[in-house]
Amino acid sequence: MDSNKYLDDISEIKNMMSRSSRFISLSGLSGIMAGVYALIGAYLGYLILYPSNWKFDTYEAIQEALIAVAAGVAILAVLTAALLTFRKAKRSGEHIWDTSSKRLLANFLIPLLTGGIFVLLLIRLEYWVMIAPSTLIFYGMACLNASKYTLRDVRYLGITVIILGLLSAYFAGYGLLFWALGFGVCHILYGTLMHFKYDTGDSNK
Amino acid sequence: MSIINNINKAFDHRIRLGIMSILMVNDYADFNMLKELLGATDGNLASHTKALEKEEYILVEKQFIGRKPNTRYSASKLGKQAFKKHIDALEKLIGK
């Protein structure tokens, strides 16, 4: 009898510790969608950069097209993630805008914005080969930093993406390939993992 | 016998257990955050924080954010030690 109460106490302690320090409503599905967008974006990037039916007259036009594709992918991914996470939080009764989600966002955005500004500076100096590695490394760092405040799997996503970023700096010129691997394949992989680990379990409850 | 002695009466309530769990992993938490997480009423939560404060397990800091009063709580060194002992005792009791 008593041992049951102690067991309840322990699970209550664990529950409160994780709910108060981690934002657990992050949707795995949004990771999968972000990966799909990234792969579509990488394919468009391939069509723009390599010989295809798509012809561009100037160097600037290519540059603009690439930036438009990248921005489109990023905006779609963020909107989808926000929507799906909002839905999941609502279903599990977690507040979407509480201390844990604010802390998660701040810790994710600080490295990410640093990376964003850094990449803009690289574009200004026309260091094209370093753009793919920089986006991957800074995104990986952002995930690694944010992982302390959300599901553990984000940590491994971050580490994988950082390694891919370093590899892409070594194999310069294959930026698009590593970009597709890091933002596309990795997101789909870890998103699927998280989806089956957390999302499907929730709906069974 | 000694294990039973380590079960701390001060933590023998869901709300107080929750408050301490939250303060173990967060540097501090304000009244509203505790209220939301624990699903307690103002009066209920206030009486439990008072009890923990009296044991000197938590520290209370009253301040103003703009014109709104804000009370934030953190676990004291004593409170953290006591809570760790309590968890160890619980685990040992279950392990048997």
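In this predicted model, helices α2 (residues 14-25) and α3 (residues 31-38) of chain B pack against each other at an angle of about 120°, and their axes sit 11 Å apart. That angle makes α2(B) oblique to α3(B), since roughly perpendicular stops at 115 degrees and roughly antiparallel takes angles over 145. As for handedness, α2(B) and α3(B) cross in a right-handed way.

Which residues make the contact? On the α2(B) side they are B:I15, B:G18, B:I19 and B:I22, while α3(B) brings in B:L34, B:L37 and B:L38. Sorted by class, the contact of α2(B) with α3(B) comes out as six nonpolar residues and one polar, with no charged ones.

A:E126 lies in the loop that links α4 (99-125) and α5 (131-146) of chain A. Is A:E126 buried or exposed? With 9 other C-beta atoms within 10 Å, A:E126 is exposed, as the cut-off for that is 12 or fewer.

In chain B, phi of B:E56 is near 65°, again a positive value in a residue other than glycine. B:E56 is found in the loop between α4 (42-54) and β2 (58-65) of chain B. B:E56 has 12 C-beta neighbours inside 10 Å and so counts as exposed, given that exposed means 12 or fewer.

Note on methods
Residues numbered from 1 in each chain as written. Chains lettered and ligands numbered in written order. Predicted model: local features only at pLDDT ≥ 70, side-chain atom pairs only at ≥ 80, totals over all residues. Axes fitted to C-alpha atoms, helices over the stretch in contact; angles between N-to-C directions. Helix = DSSP H or I, 4+ residues; strand = E, 2+ residues; numbered from the N terminus. Parallel < 35°, antiparallel > 145°, perpendicular 65-115°, else oblique. Left-handed = near helix turned anticlockwise from the far one by under 90°. Contact = placed C-beta atoms within 7 Å. Nonpolar A, V, L, I, M, F, W, Y, C, P; charged D, E, K, R; others polar. Buried ≥ 20, exposed ≤ 12 C-beta atoms within 10 Å, placed from the backbone.
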